[in-house]
Amino acid sequence: MSHEHAHDIKQATRKYIYVFLALLLGTVITVIASYIPFGSHALNIAVALFIASCKAFLVAAYFMHLISEKRMIYGLVAATGFFFLGLVLLIVFSDADQLMSRP
Amino acid sequence: MSSAAMEIPYSVEPRPDTGLYNGKVGIWLFLASEVMLFGALFSSYIMLRVGSDAWPVHMLNVPIGTLNTTVLITSSITVVLAWAALKLKEFNKFRLYMGLTVVLALTFAIIKSFEYRSKFVHYAVEYTHNGQVIEATGHIEGSPWNWSLKTLQNPDHPIESIVFHPDAAGHGHPGEGATIHAGEHEAVTIATKDIHKLESFGPWHHTYLAIYFTLTGLHALHVLGGAAVLAWFWITGPAMWRTDPERLTNRVEVTGLFWHFVDLVWIFLFPVLYLL
Amino acid sequence: MGKPIANRPFGDGLMSHAAATVASATGSEGNDAHHDSGFWRKYIFSTDHKVIGIQYGLTSLTFLLLGFLLMTLMRWQLAYPGEPIPLLGPVLEKVLGQGMAFKGIMSPDLYNSFGAMHGTIMVFLAIVPLAFGAFGNYVVPLQIGAPDMAFPRLNMASYWVYFMGGVIMLVSFFIPGGAAKSGWTSYSPLATIADMGHRVDGQTLWLIGMVLLITSSLLGSVNFIATIIQLRAPGMTWMRMPFFVWAQLVTAFLLLLAFPPLEAAGLMQLMDNLFDTSFFLPTGLVVSGNPLAVSGGGSPLLWQHLFWFLAHPEVYVLILPAMGIVAEVIANNTRKPLFGYKSLVYSAMAIGFLSFIVWAHHMYLTGMGTKISTFFQTTTMMISIPSVIIVTTLFISLWGGSIRFTTPMLFALAFLPMFGIGGLTGLPLGFNATDIQLHDTYYVIGHFHYVVAPGTIFAIFAGIYYWFPKITGRHMSEFWGKVHFALSFVFMNLVFAPMFLQGLEGMHRRMYDGGATYAAAGGIEGLSQFALKLNVSISHAAWLLGWAQVPFIINLFWSIWKGRKVESDNPWEATTLEWATPTPPPHGNFASPPTAHRGPYEYSQSPAPNGFTPQNEPA
């Protein structure tokens, strides 16, 4: 993002405002949703995490310019995401036997 | 050995084959390690939560949390606008947005510190009343900070009794056994000799609070660190804008990336700690 | 960072330099190289990657010696349990207090402290800073043709953060209660309850030290990766990089992504230690008959997961740079291109990738689920494939070469079978079923020491002898180098090979008396007298191994000033770019910016048979 013209930047600025409004909206929705019983608490968690992921996507894609980045950065982000998932999922799965057998 | 030979290449202009300048590669690498840092804490959160008998929901002050979320999101847009202003060569706008970002960052930190304080003046007490063991949560009159049974029994300043204002039922206590007797919402006086346990809602009280303080504490350190760097550019920006505007723009972009990441972490922390 | 400002009080001349540098640094970051700067800027708070590399090297060699010294004292206790340590026993009693070494006899607490600190110092303060911090810093920018690291001041910061971490680790020996004593793995809850009497105990300092060391490694790895991506000279394409650079790149990625979880775990254990949280303390914990007054609800397994998520990749952090050094030395001394350069590169990447998903093979005996154990067993077997490819490739590289048996080459050659033994003995530990018998025995100790001691340390020696002429402009003595090699090789094997036998008999790795009480118990569970006798022979071999390092230390320092001067900038007739610099390389490295025209190992290629073509020589 280093050779943009003033016009592109102005256009991008408008986009930033939209993203900002979407983030505010997402915050309101997630607060309200947390007070609505969806039947199981797991569903509440899923909804909240889904909204959070959407917000995170907006921040990463637009504020952090990931929507139009260089290949090197994409590779790094992808690798990090992979190892992040490995860290979280494998640790949780490793406890699966105990969790399943919990009374 | 001339200093011209020592110029580090691509510290301002992008390297042709990667299309990136050094600082941008550096910050993304750093953020990758930050993802793993917070990732480990999130996975600890999951382990502790699925392994616990009871996990509090809506225990923190949600309106304040929502306000703070808004503050941080706003600071994220102001920092990106500050960068865009530099790109458009509108330096005064940059100063305005950068200043706003710093103010918002400090606002976030101040609100957070009030939230922390509220945990240390909130107590769980276990005491004997008419031969019956009662557990209650609430506040001690005078809102003392972080007392324990040891504080009351301090031989130099022994405290004979405390006036305790229990919480309304269903509010506040994480974990099992928050038994508050009906009609006991008014203040009670408890003699120190009857108290078995007195503990504020600090990180030691429950693993939920432990992970709450650790995650938000680490996040708050990031906020303060980021705010310091942003403030630095607000102060030194004018001088650098005259000598090396390209570099200043890059640095603001790089710091902005860090700041958005701090925002991004909070986007997950807020529902995970406040709402679920 | 702030260090340049901190040295202002050292005199007016320096002050103006520092001020000038700070002023210029705000204007232009890359330009803080002032060749006329004073002593402090030049040698202590330098931003030159070569000076920082040497700082790392000297500091970590000192720690290597210290870690070794701790072990020699422990070996006395294992060989002659309960007898006062000769010479050093009274010193320990004086310095550390009567409780630690009454009448010069090592106490169990002191033994545990030394055990934990031997591991910590060797891994985090000696080998990683040597292989990654010292060689990486000095050699990588030279080999890719860069004037310096991408972020020189960050580089300086990472050395000083490492230094502070080391100082805190050392200080912990002298606080009440002594240093950390729960093994280098610091398993909770043991680590939290080991010194309950002290609020700030050895474990607390260990954790603070670790957080600093991790931070240092993170800063370092960001810098390394950015440098290798951004500052490669024109023509230095990815597949023209020397294998050493590849090895360092993969290592940096391992540090970057595997270390943060341990930093998180360290912070949580610090909370457990200082603020009575229960991250790793389960409900219902009873210590010496009393229920522990904490909320409980934590998970001891969580610590092990987060610890090994780092500590397994850490094994590859220890070995990959070593493989890189060995590859360079072998290519140079066989006078032919490495066999299968691309296989080496892809194997290093595969190792890096797989090393993130094998960690729980350290945890088969923790009661983790069986399905997940099977998963980790499978990935563990998979990761042995690229490791074997690398060793095999290096072996095949010897074939048909006209080998020069120089000192670095001897160490590199010894590395191959030694690492082979270390790696192959790891297979039984990677299998669930056999690990039940071998877990936590001396077999494990023998296994990983074969990888790290005659493996990595030999490679480091090879690197020191190989690059010494570039760093100082003088050769180390070949004769004393060969003496050093021969003695080290013999005694290394006499130390570690018998441990496999002890381990197969079931000797536990943490026994304070070397298993004497077990042996006294007799019967099928007991240890044989033979295993106990091995304790004595191992100890004597270890002490002799220590003496065998004397020629090296003298040779190292003597050669700096008195060694034979190099004939040219390229005394080994090598092809890679570090030999295209003046000797020793000045600040900024190259006389004129180099260009790479060919691959890294063009030895014995036409038109000149047995000749060599440096990378920067135009076609």
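**Exercise 1. The fold of chain C**

What share of the contacts in chain C with a separation of 6 or more comes from residues 24 or more positions apart? Work this out for the predicted model, then describe the overall build of the chain.

*Solution.* 
- Step 1: Begin with the contacts. Of those in chain C with a separation of 6 or more, 77% join residues 24 or more positions apart.
- Step 2: Chain C has 21 helices and two strands.
- Step 3: Look at the extent. Along the principal axes, the C-alpha atoms of chain C fill a box of roughly 75 × 60 × 50 Å.
- Step 4: Compare with a globule. A compact globule of 619 residues would have a radius of gyration near 25 Å, and the 25 Å of chain C agrees with that.
- Step 5: Finish with burial. Of the 619 residues in chain C, 57% are buried.

**Exercise 2. One residue in its surroundings**

Find C:Val140 in the structure and decide whether it is buried or exposed.

*Solution.* 
- Step 1: Locate the residue. C:Val140 sits in helix α6 of chain C.
- Step 2: Count neighbours. C:Val140 has 30 C-beta neighbours inside 10 Å, and a residue needs 20 or more to be buried, so C:Val140 counts as buried.
- Step 3: List its partners. Leaving out residues up to four places away in sequence, C:Val140 touches C:Phe224, C:Thr227, C:Ile228, C:Val245 and C:Gln248.
- Step 4: C:Ile538 is 398 residues from C:Val140 along the chain, and their C-alpha atoms are 38 Å apart.

**Exercise 3. Two helix pairs**

Classify the packing of α6(C) with α11(C), then that of α3(B) with α5(B).

*Solution.* 
- Step 1: Start in chain C. Helix α6 (residues 108–143) and helix α11 (residues 300–334) of chain C cross at roughly 40 degrees, and their axes come within 10 Å. The two helices are therefore oblique to each other, and their crossing is left-handed.
- Step 2: See which residues meet. The α6(C) side includes C:Val123, C:Ile127 and C:Phe132, while the α11(C) side includes C:Glu314, C:Leu318 and C:Pro321. By class, this contact has eleven nonpolar residues, one polar and one charged.
- Step 3: Move to chain B. Here helix α3 (residues 91–120) and helix α5 (residues 207–243) pack at about 155 degrees, with axes 9 Å apart. Angles over 145 degrees count as roughly antiparallel, so α3(B) is roughly antiparallel to α5(B).
- Step 4: The crossing of α3(B) and α5(B) is left-handed. Among the residues that meet are B:Phe94, B:Met98 and B:Phe108 in α3(B), and B:Leu224, B:Phe233 and B:Trp234 in α5(B). The contact of α3(B) with α5(B) divides into 17 nonpolar, five polar and two charged residues.

**Exercise 4. Where chain C is touched**

Which element gives the most to the side of chain B that touches chain C, and which to the side of chain A that touches chain C?

*Solution.* 
- Step 1: Take chain B. In this contact, 39 residues of chain B face 44 residues of chain C. The elements of chain B that give two or more residues are α1 (22–50) and α5, and α1(B) gives the most, with 14 residues.
- Step 2: Sort that side by class. The side of chain B has 21 nonpolar, 15 polar and three charged residues.
- Step 3: Take chain A. Its contact with chain C uses twelve residues from chain A and 13 residues from chain C. Two or more residues come from each of α3 (71–94) and α4 (96–100) of chain A, and α3(A) gives the most, with nine residues.
- Step 4: Sort again. The side of chain A that touches chain C has seven nonpolar, three polar and two charged residues.

Methods. Residues numbered from 1 in each chain as written. Chains lettered and ligands numbered in written order. Predicted model: local features only at pLDDT ≥ 70, side-chain atom pairs only at ≥ 80, totals over all residues. Axes fitted to C-alpha atoms, helices over the stretch in contact; angles between N-to-C directions. Helix = DSSP H or I, 4+ residues; strand = E, 2+ residues; numbered from the N terminus. Parallel < 35°, antiparallel > 145°, perpendicular 65-115°, else oblique. Left-handed = near helix turned anticlockwise from the far one by under 90°. Contact = placed C-beta atoms within 7 Å. Nonpolar A, V, L, I, M, F, W, Y, C, P; charged D, E, K, R; others polar. Rg over C-alpha atoms; globule rule 2.2 N^0.38 Å. Buried ≥ 20, exposed ≤ 12 C-beta atoms within 10 Å, placed from the backbone.
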